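Subject: A structure to look at

Dear colleague,

I am handing over the structure we spoke about, and below it you will find what came out of going through it. Please keep it open beside you while you read.

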Amino acid sequence: MYSKDEASQIRQAFWTAFGQYISPQLSADGLKVNWVNYKTGIKHLYFKMEADKRFATIGIVITHPDIGIQELFFEQFKELKTMFGSYLNEDWIWALHDKDEYGKTISRIYQQIDNVSIYNRNDWPQLISFFKSRIIALDDFWSVAQYSFESLK
């Protein structure tokens, strides 16, 4: 068991290592991008990567406080589901009106890997591989799909 400070240092070390590993990768548009804190350009719409002691997730998270607008974003993604699948090449979990760790209503489209721990350095290669391929595929998808969300900005 790690102290809060030790756990924080390990998480920071992982995300720093991941950021350094993926930083040479340019975006689909040929631009340098901060992959760890990916910016979609749309408020309340995030590409989020998370890892803890039991699992890791990557996904699109819609946090708009207006549930109706949140649903509009989610429906727009559903309209693009076939295209999304062609970029990601796997089935993702589609969760309308899920709850985040604070009990706030969010919607998300995500993929999860179980039985990995950010606190086990032996799992880091698996975590990096899991995140890298999917964040790059999300960026490829987003370089085309983002224009479908212009009216929702």
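The largest pocket holds about 680 Å³ of space, and, as with everything that follows, this value comes from a predicted model. Its lining is made up of 33 residues, and those that lie nearest the centre of the pocket are Lys48, Met49, Glu50, Val61 and Glu101.

How many strands form the open sheet, and in what order? There are four, arranged as S1-S2-S4-S3, and the pairing is antiparallel. Strand S1 (45–51) and strand S3 (93–99) are the edge strands, each of them pairing on one side only, and from one strand to the next the twist averages 30°. In general, the strands of a sheet pair through backbone hydrogen bonds, in either a parallel or an antiparallel way.

Between S1 and strand S2 (residues 55–62), the antiparallel pairing extends over seven bridges, and here Lys48 stands opposite Gly59 in S2. Helix H4 (residues 124–145) packs on the sheet, where it touches S1, S2 and strand S4 (105–114), and the direction of H4 makes about 15° with that of S2.

Finally, the count of salt bridges comes to four. One of them joins the side chains of Glu75 and Lys78, with 3.5 Å from N to O. Because Glu75 and Lys78 are three residues apart in helix H2 (residues 67–79), about one helical turn separates them.

With best wishes

How values were computed
Residues are numbered from 1 along each chain as its sequence is written. This is a predicted model: local features need pLDDT of at least 70, side-chain atom pairs count only at pLDDT 80 or more; totals for chains, interfaces and linings use all residues. Side-chain values use heavy atoms; hydrogens and water are left out. Two strands pair if DSSP finds at least two bridges between them. Helices (H or I, at least four residues) and strands (E, at least two) are DSSP runs, numbered from the N terminus. Axes are lines fitted to C-alpha atoms, for helices over the stretch in contact, and angles run from 0 to 180 degrees between N-to-C directions. Contact means heavy atoms within 4.5 Å. On a 1 Å grid over the protein atoms alone, a cavity is a set of points where a 1.4 Å probe fits but cannot get out, and a pocket is an open set with protein on both sides within 12 Å along at least five of seven lines; lining residues have an atom within 4 Å of a point. Grid points are joined across faces, edges and corners, and a volume is the space filled by probe spheres set on the points.
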